[in-house]
Amino acid sequence: MMKVVVENDYDGVSKKVAGILIQEIKSNPNIILGLATGSTTKGMYLELINSYKTEGVDFSGVRTFNLDEYIGLNGDHPQSYRSFMDEYLFNHINIDKNNTLVPSGIAEDIDRVCREYDKKIEDAGGIDLQILGVGENGHIAFNEPGDHLNINTSVVKLTDSTIRVNSRFFNSIDEMPRTAITMGIGSILKARKLILLATGKKKRPVIKQLLENPVASTYFPVSMLLCHPDLTIIVDRDAYVD
Ligand code: GLP
């Protein structure tokens with residue numbers, strides 16, 4: 001079943017999704033969460049940190065798997081997704097860092113890292129709840145539009161559009177990695193519950209296409225999420241047209 005929730009603004013979306021996460025953590029302290037990076041999720045992470053500091057929400061038993069990472073960036077590179085997660089969430093809550101997994105972008109045998117990442121998710125019992133953002137081109141994690149989508153965790157080439165959009169975080173476009181490691185569409189669809197977040201006017205065309213034209217296409221990766229039996233889409237007014 002698909003559910004669409006429309007909140008007034010970015011703050012409303014952050015509070016809504018953090019509220020759902022907190023409830024889920026309270027009812028299952030050993031929950032396995034799938035997490036996403038990006039500006040959309042920052043507010044939600046801030047809410048989670050607040051809930052830890054003010055209400056004492058306990059993250060000690062929580063395990064997390066992140067969706068993706070840039071190839072070539074060490075975990076301590078400021079633009080790596082590992083540092084994003086540490087900076088915006090993990091450093092500020094009582095989670096065991098050993099239980100926070102982000103695929104490595106610097107391993108020598110990257111194919112092995114890919115295989116092992118899916119295996120680790122499976123061995124943990126699968127992801128209970130996966131949080132997702134969406135790219136302006138409809139990408140999910142780093143599954144880019146094209147004539148095929150990877151089912152399993154894989155290395156992918158980033159599209160020119162993603163390189164342009166994400167290079168805003170780097171000193172120059174030349175520093176922006178051209179490849180990434182990402183959970184595949186199959187890895188993502190195996191999660192028991194999916195929550196897709198979209199905020200701001202730039203995401204409006206994506207949400208419009210997704211809701212008005214429910215067709216699964218590899219050229220619009222986010223559309224694959226429509227195949228999932230438990231998908232909630234949480235958007236703000238800017239990203240949504242009636
Ligand atoms: C990035 C990430 C995605 C993220 C998306 C949206 O490139 N690989 O996992 O969901 O693009 O990012 P933002 O929230 O900054 O718009």
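Reader: Which residues of α4 are buried?

Author: In this predicted model, the buried ones are Ile110, Val113, Cys114, Tyr117, Asp118 and Ile121.

Reader: How do I read a list of positions like that?

Author: Here's the general idea: an α-helix has 3.6 residues a turn, so residues three or four places apart point the same way. Now the case in hand.

Reader: How far apart should the ends of α4 be?

Author: Count 1.5 Å a residue: the 14 residues of α4, 110–123, should span 20 Å. The end C-alpha atoms are 20 Å apart, which agrees.

Reader: What happens just after α4?

Author: Glycine 125 sits there with a positive phi of about 105°.

Reader: You mentioned β8 as part of the cover. Which way does β4 run against β8?

Author: Strand β4 (residues 68–70) and β8 run antiparallel, joined by three bridges. To find one of these on screen, go to glutamate 69, whose bridge partner in β8 is isoleucine 181.

Reader: How many bridges link β7 and β8?

Author: Four, and this pairing is antiparallel. Look for valine 156: its bridge partner in β8 is alanine 180.

Reader: What should I keep in mind about side chains in a strand?

Author: In a regular strand the side chains alternate between the two faces of the sheet.

Reader: Let's zoom out. How many helices and strands does the chain have?

Author: Seven helices and 10 strands. The radius of gyration is 17 Å, close to the 18 Å that the globule rule gives for 242 residues, so the chain is as compact as a globular protein of that length. Along its principal axes, the C-alpha trace spans about 50 × 45 × 35 Å.

Reader: What share of the residues is buried?

Author: Of the 242 residues, 52% count as buried. As for the surface, the chain exposes about 11200 Å², with carbon and sulfur atoms supplying 49% of that area.

Key. Residues are numbered from 1 along each chain as its sequence is written. This is a predicted model: local features need pLDDT of at least 70, side-chain atom pairs count only at pLDDT 80 or more; totals for chains, interfaces and linings use all residues. Side-chain values use heavy atoms; hydrogens and water are left out. Helices (H or I, at least four residues) and strands (E, at least two) are DSSP runs, numbered from the N terminus. The expected span of a helix is 1.5 Å times one less than its number of residues. Buried means under 20% relative accessible area, exposed over 50%, partly exposed in between (1.4 Å probe, protein chains only). Two strands pair if DSSP finds at least two bridges between them. The radius of gyration is taken over C-alpha atoms; the globule rule is 2.2 Å times the number of residues to the power 0.38. Accessible areas come from the Shrake-Rupley method with a 1.4 Å probe; for residues, only the protein chains shown count as cover.
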